[in-house]
Amino acid sequence: MEIHHIAENHSILNKFIAEIRAVKTQKDSLRFRRNIERIGEVLGYELSKNLSYAGVYIETPLGKKKMQLSYNNIVLCSILRAGLPLHQGLLNYFDDAENAFISAYRHHPKNNNNFEIVVEYFASPSIDNKTLLLADPMLATGQSLVAVYEAIKKHGTPKEIHIVAVIGSKEGIDFIENHFPKHTQLWIATIDNKLNDKGYIVPGLGDAGDLAYGTKL
Ligand SMILES: O=P(O)(O)OC[C@H]1O[C@H](OP(=O)(O)OP(=O)(O)O)[C@H](O)[C@@H]1O
Ligand SMILES: O=c1cc[nH]c(=O)[nH]1
Ligand SMILES: [Mg+2]
């Protein structure tokens, strides 16, 4: 797997990440969602440098200009719920993409820190031979991404796979590396060192789904 760690090079991206991490600013859910969306735009821009391009003549009112435009057939698939604002950010740039949504949540047996990932809902166009962008802001243990990929691959084989995430843990990245095809690319804004005993990224940001959309039962 090729890992693109985008915040390694300092840019305005650092500000968006700081605002979703900071206890004070992250509580403003409108700003939180918009920052995830902005991060999606930045990651989408970086990822776009890796797509396939061909020359196309564009007609202006005064003449013609040959431009290099990407021709990938993109399917943008996001993991509910927290993937939604990231999806919007990516879609702002890849506005011709087809869209897919898949659900994944952690099911905790009562009074138990262990969990299993439940994948229930999947709405998708064909992904066969297409460029699959799999978006989820948090890559903690990596179990959600792997469970989702196991469900998706029953429906076809993409030509390319790009995983787009905001905050990842080293452990989660190692885990997905062992479960996704070798040619997979990971576009990740920033990487933290630790997971706590509940499988949350430390320092991370807390619960991305709850910060974006409120607590759930
Ligand atoms: O790498 P993992 O250990 O699998 O954890 C990451 C998952 O946890 C979060 O979703 P969550 O289960 O909180 O659902 P939500 O988006 O509905 O809040 C996040 O959006 C990922 O899908
Ligand atoms: O750190 C984490 C782990 C899972 N889900 C989150 O939202 N945050
Ligand atoms: Mg959550």
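**View 1. Contacts of Ile163 in the predicted model.** Start with Ile163 in this predicted model: setting aside neighbours within four places in sequence, you will find Ile163 in contact with Leu134, Leu145, Ile176, Thr184, Leu186 and Trp187. Ile163 also belongs to the largest nonpolar core, which has 53 residues. Together with Ile39, Leu76, Cys77, Leu133, Leu134 and Val164, Ile163 touches the most other members of that core. In soluble globular proteins, nonpolar side chains tend to be buried together.

**View 2. Helix α3 and what covers it.** Helix α3 runs over residues 29-48, and its 20 residues reach 28 Å from first C-alpha to last, close to the 28 Å expected. Look along α3 for its buried residues, among them Phe32, Arg33, Glu37, Arg38, Ile39 and Leu43. Ile39 turns up again as one of the core residues that touch the most other members. The cover over the buried residues of α3 includes helices α1, α2, α4 and α7, along with strands β11 and β12.

**View 3. The shell around ligand 2.** Around ligand 2 you can pick out Ala82, Met138, Ala140, Tyr200, Ile201, Gly204, Asp207, Ala208 and Gly209. This shell divides into 6 nonpolar, 2 polar and 1 charged.

Note on methods
Residues are numbered from 1 along each chain as its sequence is written. Chains are lettered from A and ligands numbered from 1 in the order in which they are written. This is a predicted model: local features need pLDDT of at least 70, side-chain atom pairs count only at pLDDT 80 or more; totals for chains, interfaces and linings use all residues. A residue is near a molecule or strand if its C-beta atom, placed from the backbone, lies within 6 Å of it. Ala, Val, Leu, Ile, Met, Phe, Trp, Tyr, Cys and Pro count as nonpolar, Asp, Glu, Lys and Arg as charged, and the others, Gly among them, as polar. Helices (H or I, at least four residues) and strands (E, at least two) are DSSP runs, numbered from the N terminus. The expected span of a helix is 1.5 Å times one less than its number of residues. A residue is buried if 20 or more other C-beta atoms lie within 10 Å of its own, exposed if 12 or fewer, and partly exposed in between; C-beta atoms are placed from the backbone. Two residues are in contact if their C-beta atoms, placed from the backbone, lie within 7 Å. A nonpolar core is a set of buried Ala, Val, Leu, Ile, Met, Phe, Trp, Tyr and Cys residues joined through C-beta atoms within 7 Å.
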